[in-house]
Each structure stands twice: as C-alpha cells, then as structure tokens.
Amino acid sequence: MTHPTTLYEKIWNAHVIDRRDDGTCLIYIDRHLVHEVTSPQAFEGLRLAGRPVRRPDLTLAVPDHNLPTTARVDAAGHRLPIADKESAQQLAALEANAPSFGIKYFGATAAEQGIVHVVGPEQGFTLPGTTLVCGDSHTAAHGALGALAFGIGTSEVEHVLATQTLLLKQSKSMEIRVDGTLGFGVTPKDVVLAIIGKTGAAGGTGYVLEYRGDTFRNMSIEGRLTVANMAIEGGARSGLFAPDEKTFEYLKGRPMAPQGADWDAAVAYWRTLHTDEGAHFDRTVTLAASDIAPTVTWGTSPEDVVAITGVVPDPESFEDASKRVAAAKSLDYMGLRAGQRMQDIAIQHIFIGSCTNSRIEDLRAAASVVRGRHIAGSIKQALVVPGSGLVKRQAESEGLDRIFIEAGFEWREPGCSACLGMNPDKVPAGEHCASTSNRNFMGRQGPGSRTHLVSPLMAAAAAVEGRLADVRDMMTEEKAGVA
Amino acid sequence: MDAVHHIEGRAYPLGLKNVDTDMIIAAEWLKTISRTGLGKGAFAALRTAPDNVFDDPTYAGSPIVIAGDNFGCGSSREHAAWAMLDMGITAVIAPSFSDIFSGNAFKNGILTVILPQDAIDRLIEVAKTDAIHIDLDSQTVTTPFQDRFTFEIDAFRKHCLTNGLDEIGLTLGQSDKIGVFEQSDGAARPWLVPAHA
Ligand code: SF4
C-alpha cells in the first residue's frame with residue numbers, strides 16, 4: 001500500500017522532472033502570470049540571450065500595479081497618458097514584451113484587465129492541481145482553487161519564461177483547521193486575520209498550508225481566495241484548498257477553463273486531489289469559527305490583530321522582548337495609545353479593493369452596509385476599486401456603483417490602487433485608512449500612511465461612522481447573509 | 001551567456017575597500033525597466049571626486065576593476081552587477097567579495113578573482129601603465145612583466161563560466177527531460193493548455 005499523502009505532496013510529486021541528491025527538484029510550472037513591475041528585466045534577459053519563451057501558451061500578462069484607477073480613455077475613446085514617467089515606462093514595456101514573445105495580454109483598456117490574482121481565477125486560467133507562479137508574493141491566492149501557487153523574484157520569472165520550470169526544495173506542511181459556523185458579520189477576511197494573529201507573521205515560514213475543516217468547506221470560492229491570498233502574510237509561500245464541487249462549479253464555462261470532454265477529464269482528475277486519511281502534517285493550527293469576531297489590525301504587522309470590540313494592546317503585555325519593542329514602535333507610528341478602544345479610532349480614508357477583497361461578493365457585502373447611508377463627513381476619501389473590468393461590469397449591472405456613489409464613494413477603474421504606494425492612489429502621512437487590502441506595513445499605502453486591515457463589511461461600517469466600527473451594530477441578520 | 005576563458009585589457013586601479021552596492025549603483029536607479037543603461041549611473045558616488053579612475057580617459061572601457069577588501073557589500077540588488085556589465089566590466093579582482101555580490105556577479109557572467117593584498121598592490125601599479133591578463137582556464141593573472149598570480153575558484157562556477165552556462169542555461173541543458181515531461185504530462189492532462197478565448 002502506498003503511504004497516505006497530503007494534497008501538497010500529490011501536486012508536488014506530479015510536477016517533479018528531476019531530483020538532485022541534495023533534494024533540489026526541477027519542478028514543472030503549468031501557469032505563469034506576468035505583470036508590469038517584476039517582468040521588464042526578465043524579458044530583457046531573454047532578449048539579450050536570444051532565448052524565446054518556452055511556453056507562451058501557459059503564460060498570461062496583465063498590468064495592474066502601476067495603472068492609475070482614474071478614467072483610462074477620454075470621451076472620444078482615446079487612451080489617456082500616464083503622468084508618472086516610470087510607471088508609463090513599465091507599462092509600455094509589458095505592452096511591447098507580451099506580443100513580441102507571443103504571450104496573451106489583457107491591456108489597460110480591456111474589459112478583462114484587472115489585478116493578476118483576480119484575473120487568473122476569473123478567466124479559468126487558474127486550475128486545480130496546477131503549479132502557478134507570478135512575480136508577486138500574493139500569488140498564494142490561487143491556492144483557493146487547489147493550485148500550488150507562489151510568488152517568485154525577477155530572476156525566477158526569467159527562469160520560468162525560458163524553461164517553464166523552477167529549481168525548488170519541498171516545503172513542510174501545515175494544516176490550518178477551522179470548524180464551525182461563522183458568526184453574524186464575520187467574513188473570510190476575519191478568519192484569515194485571526195489565523196495570522198494566532199500563527200504570527202512568520203509562523204508559516206517554510207511551510208505550505210492546507211486549509212481544512214467545515215468552515216472552509218462551506219466557504220465560497222471568493223472567500224477562499226481571500227483566505228489563501230494572505231498565506232504569505234503568515235509567512236507561508238502557498239496555501240491550499242482541496243478542490244471540491246464548489247471549485248468545479250466556479251470554474252465551469254470560464255473562458256480559459258477546459259471545455260467539453262477535456263472538462264470531464266479534468267474534473268475526474270481534480271477529484272483525486274485531496275489529502276489522504278492519515279497523511280502527516282508537520283504542524284497543525286486549530287481555531288474554532290465561533291471564536292472569531294470581526295477583526296481589525298492595530299499595528300504595522302498583519303499579526304497585530306484584535307477583535308473590533310477590543311482595545312489597543314499594551315506593548316508591555318507581550319511576552320517576547322522583541323515583540324514589545326516592535327509593538328511600541330507600531331503604536332508610535334500609528335499614533336495610538338495602549339488601552340484605547342478600537343472603535344474610537346478615527347478614520348479618514350477608506351479603501352475597498354486589492355486582490356484580497358475586490359471581487360463581486362466583496363462589493364455586494366460592502367454595498368449592503370452603505371445602501372441608503374452616507375459616508376461620514378470626516379472621511380476625506382473613500383475608494384471602491386473593483387478587482388477587474390469584469391467585476392466592475394457585473395457590479396454596475398447590479399447597480400452597486402450607484403449605491404457607492406450615492407453614499408459618497410469614488411467608483412474607480414480596476415487595479416492594485418491604494419494597496420501599495422506605487423500609483424497615484426495613496427493615503428497621506430499620518431492619516432488612518434480602513435483598508436480591505438492585505439498589508440499594513442509602515443508606508444505601504446504611501447509614506448506615513450496608517451493602515452487598519454479589515455473586511456469589506458467593516459470598511460463600509462468605518463466609512464459610515466468615520467471611525468472603526470462594529471458592523472454588527474449596523475446590520476440586521478438578513479443583511480449579514482451576504483458575507 | 002558568453003563563455004569566459006580569458007579577459008585581457010586595461011584595469012581600473014580603484015584599490016578602495018568596502019565598495020558597497022550603493023556606490024556601484026544608487027537606489028534611485030532601481031525603478032528602471034532595463035538591466036542595460038545602468039552604466040550611466042555606475043559608481044556615481046565615486047565619480048564626484050575630480051581625479052577618479054572612472055572618468056580618467058586612460059582607463060575608459062576597461063574590462064577589469066581592481067579593488068580592496070569586501071567588494072560589493074550592502075544590499076542584494078542585482079542592479080550592481082548589471083551596472084558594471086553595462087560599463088563593459090567583466091572581471092573584478094579583490095582580496096574578498098560580499099557573498100551576495102559574488103553570487104549576482106556569477107549569475108551575470110562577471111568573474112570575481114580573489115588575490116591577496118600584496119598581489120593587488122602590484123597589479124594596481126601595473127594597471128596604471130599596462131594591460132592585465134586573466135586566464136580562467138589556468139586560473140592565473142599575469143602582466144607583461146613576468147608577474148604571475150594563481151587564484152582559486154569554485155569548480156562549479158568555473159565550469160559554468162567557461163561553458164557560458166548561466167542558471168537558465170544549465171536548466172536548458174535539461175531541455176530533453178523537460179520535453180519528455182511535457183510529452184507524457186500533456187498526454188495525461190490534455191486539458192492543461194488554456195483554452196485561449
Ligand atoms: S492588489 Fe496589492 S497585494 Fe494584490 S497584487 Fe496588487 S499590490 Fe500586490
């Protein structure tokens with residue numbers, strides 16, 4: 001009898017081309033997503049060496065990080081120029097590189113354009129059981145569909161383009177187990193924040209995660225994408241969900257997904273992709289769904305989480321000496337004091353977007369809170385940035401854009417936006433932002449910006465109240481159902 | 001990548017210790033889209049000195065730099081190697097190098113030669129008037145004046161450099177295996193190629 005294996009081992013074993021004595025393996029890469037920031041030097045390297053892209057058909061390019069989220073064409077349909085010279089240059093490079101290497105490209109004005117990690121699943125480019133890479137650390141998101149997905153650097157981008165492989169060593173495996181029903185107003189974002197609060201921002205280093213338990217089984221694919229997206233914030237390069245009927249239903253009929261007989265063959269294979277009974281995990285972390293409340297961050301690491309009903313912790317309360325120092329520094333940066341109620345923290349900026357929370361369910365959830373309400377007078381800017389052109393179109397067909405605009409939000413074009421301070425969408429120094437993105441590092445949303453990571457429901461609540469607020473106080477039970 | 005057997009020519013007699021990556025290429029150059037063109041920004045911090053070797057026409061276009069201890073310390077930026085390559089530098093001779101820099105140099109086909117300080121002192125003297133010859137095959141540095149210094153180099157790196165193999169080149173050496181995998185996997189999972197709409 002063969003010994004029981006984990007989902008991770010199954011996918012890994014199916015992709016080993018060669019194994020060296022020191023354990024380094026040459027791994028085949030099934031899917032490669034390319035964006036404008038980490039690819040220019042990789043393409044250039046290929047050009048200098050006279051090398052082609054080995055499998056352009058397994059590669060998909062889309063710009064996202066640098067693109068401004070304001071209108072991209074004028075009234076006459078002409079492309080508007082990009083003011084920042086360096087951004088414009090990086091975007092122009094991708095626009096030229098993709099066709100010249102034969103790679104499919106969704107340009108800035110294409111309906112399919114969006115954040116790489118939203119576009120991949122949406123197009124059915126991301127498939128269960130595949131290895132998928134991208135020069136971006138949040139590539140882990142694609143693990144929601146059962147793909148072994150992880151971020152890589154520019155030299156590795158070039159390596160994958162040229163060889164469709166990577167040299168890697170196998171990681172350890174960690175089971176993240178959550179069972180039970182999520183409470184009213186508690187969303188997948190709160191689950192992943194709670195997980196990182198428990199494991200710590202480095203707890204997953206060296207591991208590939210697998211999310212198990214009925215809380216995850218009952219979660220929508222979009223919710224799973226939110227959870228897997230943040231695997232890296234807990235230190236893990238990848239996080240996996242075993243593909244199930246929900247996965248197949250989500251993928252069926254997507255433009256790049258298998259069709260006809262291929263689809264049936266694919267589903268038959270995908271059904272074999274699960275961790276065997278009795279398979280070994282190197283570590284298990286368990287949470288109860290009923291213990292998770294709407295969660296917010298108070299500091300500058302994604303592990304700095306607390307329930308919305310809680311208070312800013314006292315740095316002295318941490319056992320670890322280096323954590324005490326880090327927490328004190330965080331509070332100083334964030335302009336907060338120990339013991340302050342989280343719900344008393346005033347918010348000036350709202351960002352609903354990023355590859356963590358910019359899909360249609362996220363927008364519906366946020367809209368359900370702001371419908372018929374208005375953002376607080378103290379809010380200086382409230383952005384809603386759909387994750388892709390297709391999400392935007394869907395939301396508009398449901399009238400969500402009107403709800404947001406009437407409530408005082410700005411409705412933008414798809415892109416990474418205020419998730420990182422690389423394009424014009426930034427949070428000014430010293431101001432607090434309730435953000436549905438994934439990183440609250442110092443300066444992440446612009447120099448001096450103060451980020452509080454929250455769910456779309458909680459971002460909407462903060463917008464209405466002008467402070468971090470408990471969305472449960474604003475919602476009826478029926479409304480919470482959309483989360 | 002081009003195979004390296006020998007490098008011959010004038011050398012920048014820099015001699016400086018602890019040349020860090022910020023001196024080689026400043027952070028403001030990291031937003032570029034190219035690994036070429038960085039030569040314009042190379043050694044900018046050192047070029048502010050009026051009599052620096054990089055702006056001395058005697059050494060223009062030299063393929064070699066001779067430096068002091070701990071060359072390339074600082075950040076991990078691969079841009080440092082790219083910038084030097086863009087200036088036409090393909091070898092650095094120094095008593096020691098930072099690990100990350102020598103890895104990045106190797107990845108980009110730049111030879112790092114480690115020689116003791118007295119050899120460095122002698123080579124700097126020679127470099128002011130004459131060319132220097134580095135022979136990777138015999139692992140020697142020679143001058144027109146009978147000087148002959150031998151150096152050590154990791155066998156794997158030597159193999160890669162003398163055969164013009166970078167990491168990608170090495171993996172491409174396994175193209176057959178990759179092809180076989182693609183064949184059998186393609187048969188087992190024909191649905192894997194995206195249906196490009
Ligand atoms: S939305 Fe943010 S985290 Fe996601 S790919 Fe863009 S910059 Fe990275």
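1. Across the interface of chain B and chain A, six salt bridges are found, a salt bridge being a side-chain nitrogen of Lys or Arg within 4 Å of a carboxyl oxygen of Asp or Glu. One pair joined by a salt bridge is B:Lys177 and A:Asp18, whose closest N and O atoms are 2.9 Å apart.

2. The model is predicted, with local features needing pLDDT of at least 70 and side-chain atom pairs counting only at pLDDT 80 or more, whereas totals for chains, interfaces and linings use all residues. Residues are numbered from 1 along each chain as its sequence is written, chains are lettered from A and ligands numbered from 1 in the order in which they are written, and side-chain values use heavy atoms, with hydrogens and water left out.

3. At the same interface, 34 residues of chain B are in contact with 47 residues of chain A (contact means heavy atoms within 4.5 Å). The area buried between chain B and chain A is about 3400 Å², with carbon and sulfur atoms giving 57% of it; buried area is the accessible area (1.4 Å probe) that two parts lose on being put together, summed over both. Of the area that chain B buries against chain A, B:Ile33, B:Ile168 and B:Trp191 supply 23%, more than any other three residues.

4. Between chain B and chain A there are also 18 residue pairs in polar contact, both residues at pLDDT 80 or more; a polar contact is a pair of N or O atoms within 3.5 Å, where within protein one must be able to donate a hydrogen and the other to accept it, and residues adjacent in sequence count only if both atoms are side-chain atoms. On chain B, helix H3 (79-86), helix H7 (167-172) and helix H8 (175-188) each supply at least two residues of the side that touches chain A (helices, H or I of at least four residues, and strands, E of at least two, are DSSP runs numbered from the N terminus). The largest share of that side, seven residues, comes from H8(B).

5. A:Thr130 lies in the loop between helix H4 (116-123) and strand E6 (131-134) of chain A, and A:Thr130 counts as buried because its relative accessibility is 0%, where buried means under 20% relative accessible area, exposed over 50% and partly exposed in between (1.4 Å probe, protein chains only). The side chain of A:Thr130 reaches the backbone oxygen of A:Leu127 at 2.6 Å. Leaving aside neighbours within four places in sequence, the contacts of A:Thr130 include A:Asp30, A:Arg31 and B:Leu192.

6. A:Ser238, in strand E11 (residues 238-240) of chain A, is buried with a relative accessible area of 2%. A polar atom of the A:Ser238 side chain lies 2.7 Å from the backbone oxygen of A:Ala149.
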